[in-house]
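Please consult the sequence and the structure shown here.

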Amino acid sequence: MENSRIVIDGTALTCGQVVAAARGDVTIVMGPDGVERARAAWLAAREAAATRPVYGRTTGVGANRAVDVEWEDSDAHGLRLLRSHAAGAGPLVAPEIVRAMLTVRLNQIAAGGSGVEPGVLGALADVLNLGLLPPVPVYGAIGTGDLTALASTALCLLGERPWLAGPDAADDPDGAAPRGPGYRLGSADALAFISSNAATLGEAALAVADLRELLRASTVVAALSHFAVRGSEEPYAEAVQDACPHPGQREAAAAMRALLAFDRPAPVRIQDPYGYRAFPQVHGPALEAARYAEEVVTREINAAAENPLVDVAGRRVWHNGNFHTAYVGLALDSARAALFQTMALAAARLGTLAEPSFTGLYPFQGATEASSGIMILEYVAHSCLADVRRLATPAALGSAVLSRGVEEHAGFSTQSARATTDAVAAYRLGLGCELVAAARALRMQGRAPSGGPLRAATDLAAAVLDPRVEDRPLDADIAAAADLLPRLARLHP
């Protein structure tokens, strides 16, 4: 994408901007109001720590919260904390998730509740603009703070760990590790810097943005399938939706009416299978769940959810539980459950597209009566669906008692975000299978919508999908269809 600027001020970051910062060619710029809020919080934190115990600044952490840090040891205490907590395990997470984490933490500090010295804002912005990445392993967080990921980031800022070069970073001709901005994080700010769920929230922001895009694309694909099987539009009628007025259901039905408005052939069945007849009732909850999840994540990435929270106006600090991301984990759990339901309907529609009684073609849209045609697409789609079903298990059902019993609960929002990322990836491929089948059916029938966004969708599919109908590998078709889905989402009325 064309290089653009994202101004970070601690109050107005969107999931879409996190996506752009994580995946696009953008420049990160600090807003002056965010820098000033961070400076005021830093001064207030220093003032408070001089007069009372402040968790992580004048005390140990976890079960060591009652242990005071002696003044002569204060400079070493924070560094020991970072070294001890930078202990993640497993493979490294994707670079886009790391960039999303850095963007979210930058915005959180600019919100003015952490008390971290404001110079870190410029350093993190430089890291993003230089394309540098701290090494962040997959395992290490359970929804109560991404301590391992941010401790690793802090050690990179201090020069104790090398930065990794992201895909957009300039290559060093000597093969040396890329150089960072060289910021010196203060010892007193160590806990304040790492006490955040920025990695979990960054991944959640990417996942919900992708999910909402795919749900829009799914409506367009469902309309193509509906047109291919000459389905009835009665289930989408306004009178039907007014009789049971759930917002998401009404939204899904209105979109189907708009997509099908240019052609109104007489339906060939008095009632269609559930994949068409119950589409608004099943897709609607997914739309609502994804929208709510995005609202929750957006609220969190703009919150000063710090422990302890620096209250500049009150000139004090508050020890609290805002680090607990139960809202995020539960919202994502709900979104995945709803996603499974609507993806099951997509797989069911794919089944109708293999049936001669629905398409008027040979079985499986074969070139001959004995051809296999699109038979394998059902297997692929149900393989994807099985993963979405597995990943729909609520992460919030887990439990943990840690740090000598002091931290006796976890919401596992980190695992919920990761499951959502994986479920969305499976959904994209399964939906690609339906698109391949719908586009092929229309091509073999010699039919196309007469106009509107559904005709545009048909033309886009025709431009990227292989027109051959003889038996051949369909893996490239699935990949091309999956890649087309973001463009179809933009056709959603």
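## Basis of the model

The model is predicted; local features require pLDDT of at least 70, side-chain atom pairs count only at pLDDT 80 or more, and totals for chains, interfaces and linings use all residues. Residues are numbered from 1 along each chain as its sequence is written, and side-chain values use heavy atoms, with hydrogens and water left out.

## Domains and their interface

The chain is divided into domain 1 (4–195) and domain 2 (204–490), with bounds that come from an automatic or database domain assignment. Their centres, taken over C-alpha atoms, are 35 Å apart. Contact, defined as heavy atoms within 4.5 Å, links 45 residues of domain 1 with 40 residues of domain 2.

About 3,200 Å² is buried between domain 1 and domain 2, and carbon and sulfur atoms give 56% of this area. Buried area here is the accessible area (1.4 Å probe) that two parts lose on being put together, summed over both. Within domain 1, C15, I142 and T144 lose the most area to domain 2, together 20% of what that side buries.

## Polar links and contributing elements

Between domain 1 and domain 2 there are 3 salt bridges, a salt bridge being a side-chain nitrogen of Lys or Arg within 4 Å of a carboxyl oxygen of Asp or Glu. The two domains also share 14 residue pairs in polar contact, both residues at pLDDT 80 or more. A polar contact is a pair of N or O atoms within 3.5 Å; within protein, one must be able to donate a hydrogen and the other to accept it, and residues adjacent in sequence count only if both atoms are side-chain atoms.

Helix 4 gives the most to the side of domain 1 that touches domain 2, with 7 residues. Helices (H or I, at least four residues) and strands (E, at least two) are DSSP runs, numbered from the N terminus.

## R105

R105 lies in helix 4. With 1% relative accessibility, R105 counts as buried, a term for under 20% relative accessible area, with exposed over 50% and partly exposed in between (1.4 Å probe, protein chains only). The side chain of R105 forms a salt bridge with that of E306 (3.0 Å, N to O) and reaches the backbone oxygen of F193 at 3.0 Å.

## L147

L147 belongs to helix 6 (residues 147–158) and is partly exposed, at 27% relative accessible area. Beyond its neighbours within four places in sequence, L147 is in contact with H85, I194 and S195.
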